[in-house]
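Open the model in your viewer and keep the selection tool at hand. The tour below goes from stop to stop, saying what to select and what is there.

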Amino acid sequence: MKKEQHNPSRRHFLVNASLAGTAGIIGAAALLEGCSKKKKVEYPFPPLLDKAPDGKPLKAAVIGCGGRGTGAAINFLNAGNDLSIVACADMFQDRIDKFRAQLKEEKKVEIPDDKCFIGFDAYKKVLELDIDLVILATPPYFRAEHFRAAVEAKKHVFTEKPVAVDPVGARAFLAAAKKAETLGLTVVTGTQRRHQRNYIETFRKVAEGTIGDLVGGNCYWNQSKLWHVNPKKEWSEMECMLRDWVNWCWLSGDHIVEQHIHNIDVINWFLGKYPVSAVAFGSRQRRVTGDQYDNFSVDFVYEGNIHIHSMCRQINDCTNNVSEYLRGTEGYTNCEDTIWKPDGTVLWQFEYPKNEKGEVVRELKVNPYDQEHIDLVTAIRTNKPFNEAENTVKSNIAAIMGRMSAYTGKEVTWDEVMQSELKIGPAEMVLGKVNYPVVIPVPGSAPEV
Amino acid sequence: MFLKKFFHHPGILLGAGLIGGMVLFYGGKKATEVTSTDAFCASCHVHPHATDSWKQSTHYDNQRGIVVHCVDCHLPPHGFPYLREKVKTGMRDVWSTLVKDQEKINWEEKKTPEAAERHTYQASCIACHSNLFPRGLSREGEEAHLYFSDHQNEISCVRCHLQVGHYREGAIHAHNVDFGKQATVTVQVFTEPAKVDSFVSFTERIPGSTVQFDMVTIPGGTFVMGSPADEPFRKPDEGPRHTVHIRPFFMGKLEVSWDEYLAFFTQTGGTGHGTQQEKAVDGISGPTPPWGDPAQGWGRGTRPAITMTWQAAEAYCKWLSKVTGKHYRLPTEAEWEYAARGGTQGPYFFEGNPKKYSRHGWMRKIVAPDTAVIGRYVIYGMNSGGKTAEPSGLLPNPFGLVNMLGNVAEFCSDWYAPEYPAAEAENPAGPAEGTEKVIRGGSFMSDAADVRCAARDYTRTTDWLKTDPQIPKSIWWYSDCRHVGFRVVCDYPVHKTK
């Protein structure tokens, strides 16, 4: 089992409920027939090496040079040997300058002036270069368009989450994900829990049936206020919004999509399905800029009448919690590293590695952000494409469904989202006045007085 | 004795069986091959045009030099059901070759998406076109294929890709920007609309065009709306019967023709993609170019205009009112039924029992439906040849209206509700709100049961926009409805009071 997990060629792993991890695939197949309570889960695990193997030098470009773009570039350079960042694109010169300075300081990587591009169509210029992959880290509004162009240009992709802010964008991303699949491209998506050994081992246990059938659960991303950027007089309206993107729904998808997607994705991953409907509420209590809510509460319903309560909040001085919880007929789990029996005693716990001092700390040997890029580079160099784009965009669609329900007060179904013509954001992209109404949604109607 | 012994030898029997099996197998295989060639298919000469249109299609005439053969689409892919389907379709072909009158086969009807679905195999499409998301696929294509992936039992490949196997002049499944642009020779362009001072039938002229059409007087009166409980094929939504008073008005003698509708389209049409927010300078924005061919390749001219949305028909009335200075609008459902009945109270405005005319019912197992009488008044499933008809040659109803029943179903201004208010009413206009609009009269696709004066139907907005892959979907054209048009009415006095 362990060996299999380390072997990148055996990424498709079959789990049999009755076997509880005692046999390999051949044994599992043989035993399937004699077992009445059988369960087969096929899931493509990432290769999970500690370092990417050597191979063809890979050249990457970064589209979106903010904090996460810079972070992702460094994670990529950490992943193995012969990896380089050769170009970048952003909307603002100061962002590019900061990005280049940090790359130079931390990784001794220099990007020439003529490989730095600015503007809404800078991504097109980047994609014309001789590169192997792109790192997409702009505000999510632009992601579907960039991803689609990257796939059409046959580039491997690391894309940050979320991948879309509305149903139209999500479907564009989904179609591009399917194109990437048929082209054999590798796509890793910034939902790093799926690259964490502790989560993966817990998933394996749950898939084997350790806690029986899953019957319900919760997921949370309740944290303090996130950052905001106050508008400046010398900035155009568009520039103010772009620099403050994490507070604008059309740019970020709102925080249920932008941030809470991680937890919703874990739940979908463990359940092996996506919610069929959602009823949600939320509101805006203390946000400073933008048009977003700062709290959501969603009742997601899955096939088999499984209910998952999702909640997320970005307000200071409240009880915080970022985690998942799944209940099964024979126990429960935090999805991260522990499984409990129904009576609360620990049934299984992930074994974290020991640090230099020989102590067990709750930390993985390779940080998950580097791990994603190790998996990306490994998949490319071993020519075993790994593509998690479809999983991620579907979790993204679930998050959008929750948001749509909270904004309208109405139940929203998966099929409705899949056929929705909702497309948010201004019609015209120019660094100037933004012709887009700022409306904070209020669900339902006021009583007649 | 020896022979008997010989044949009793198990090895001999086994050998004979093997040889027999091989003969059957290879013979069968050979027979299958021979009867699966394009030449064999074409050898019956039943449908020579099918061979011609195939050779003009992208399945034959393409840059890659790939030829897709008859059996590649008209039989399932190789595998178990192949032989079964081959035998089935073969028997059907033999039967129709021997028994049917080849001259009478309605090939027009076989060109519809419904017929194409019957005669091709989805699995065969997919067997070759396994990659639904190739590089270079347009956004519209992506949308359509995503929808298809999730709704394979609801929509088929040929619904959008109808002409890939058999070429058809003008057939298109794309943004049809050239629609209606064909230059017409201008003989006489009307500069003035008709002047109407009294309640007399008149011929309207559309200023700035060569188009004119007849409006006939519908005298005011009282009638009983709905059908009695014992009317054959009556549906519950045709009641309760109630008395309705109608004021006098004018009604188009015919359904709005392509000539009329295209006058509107060319004078107002936008070039972009219509959205609800779009506002034209003069307050009336016209249709944007359609997706596909609204006329279905049946020709335009005096044929009724079809596939426009209810909103588009409304916009047409507004525009017509503006250019003629009269008050044109869609009829209310009550006006429509009053006009269709023309003072009669039976199932039709002519003689006859729906049971005798319909294809449904136990009698049909014994005798064919009677088409003689109804066929003189109505274009419906039994005489339409699967498409709309030009209006000439049909007899009018007592008010002088042609094609009230059949040809194309007609939009009314009312919201649909599955039940009428029971109370006596004066010029009722239907429920205050709803989700779908009333359509009336049945169409060229209808059975005689559904072209009764009282028969009701309603729009299916979602279903009728299924193969429109645009975002947002068009507000002007239905992509999947080809049996609905409309007829205008004009208030009397004609001049707008405002």
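Contact here means heavy atoms within 4.5 Å. The model is a predicted one. With contact in hand, start with chain B as a whole: of its contacts with a separation of 6 or more, 71% are between residues 24 or more positions apart. Chain B has 498 residues, 45% of them buried, and its secondary structure comprises 15 helices and 12 strands.

**Stop 1: where the chains meet**

Show both chains. Chain B brings 18 residues to the contact and chain A brings 16. Together they bury about 1,500 Å², with 56% of this area on carbon and sulfur atoms. Now select B:Phe133, B:Arg135 and B:Leu146, which supply 39% of the area that chain B buries against chain A, more than any other three residues.

The interface also has 10 residue pairs in polar contact and three salt bridges. For a salt bridge, select A:Arg171 and B:Glu143, whose closest N and O atoms are 2.7 Å apart. Then widen the selection: A:Arg171 and B:Glu143 belong to a network of salt bridges that also links A:Arg148, A:Glu152, A:Lys179, B:Arg139 and B:Glu142.

**Stop 2: helix 6 of chain A**

Select helix 6 of chain A, where seven of the 10 residues are buried. Among them are A:His146, A:Phe147 and A:Arg148. Just after this helix, A:Lys154 has a positive phi of about 60°.

What does the ring of A:Phe147 pair with? The structure has 48 aromatic pairs over all chains. In one of them A:Phe147 is stacked with A:Phe173, at 4.0 Å centre to centre and 20° between the planes. A:Phe173 sits in helix 7 (residues 167–183) of chain A, 26 residues from A:Phe147. Both A:Phe147 and A:Phe173 are buried.

**Stop 3: rings in chain B**

Move to B:Phe264 and B:Tyr316, an edge-to-face pair at 5.5 Å centre to centre and 90° between the planes. B:Phe264 is in helix 11 and B:Tyr316 in helix 12 of chain B, 52 residues apart. B:Phe264 counts as buried because its relative accessibility is 0%.

Select B:Lys437 with B:Trp415, at 3.8 Å from the ring centre, then A:Arg243 with A:Phe92, at 4.1 Å from the ring centre.

**Stop 4: salt bridges within the chains**

Over all chains the structure holds 45 salt bridges. Select B:Arg159 and B:Asp480, a salt bridge with its closest N and O atoms 3.1 Å apart. The two residues are 321 residues apart, B:Arg159 in helix 10 and B:Asp480 in the loop between strand 10 and strand 11 of chain B. B:Asp480 counts as buried because its relative accessibility is 19%, under the cut-off of 20%.

Next, select B:Arg452 and B:Glu231, which form a salt bridge at 2.6 Å between the closest N and O atoms. B:Arg452 and B:Glu231 lie in separate loops, so the pair ties together parts 221 residues apart in sequence. Are B:Arg452 and B:Glu231 buried or exposed? Both are buried.

End at A:Glu110 and A:Lys104, whose side chains meet in a salt bridge at 4.0 Å, N to O. A:Glu110 is exposed, with a relative accessible area of 58%, while A:Lys104 counts as partly exposed at 45%.

Note on methods: Residues numbered from 1 in each chain as written. Chains lettered and ligands numbered in written order. Predicted model: local features only at pLDDT ≥ 70, side-chain atom pairs only at ≥ 80, totals over all residues. Heavy atoms only, no water. Phe/Tyr/Trp six-rings, centres within 6.5 Å; stacked < 30°, edge-to-face > 60°. Helix = DSSP H or I, 4+ residues; strand = E, 2+ residues; numbered from the N terminus. Buried < 20%, exposed > 50% of the residue type's maximum accessible area, 1.4 Å probe, protein only. Lys NZ or Arg CZ within 6 Å of the ring centre and 35° of its normal. Buried area = accessible area lost by both parts, 1.4 Å probe. Polar contact = N/O pair within 3.5 Å; in protein donor to acceptor, adjacent residues only side chain to side chain.
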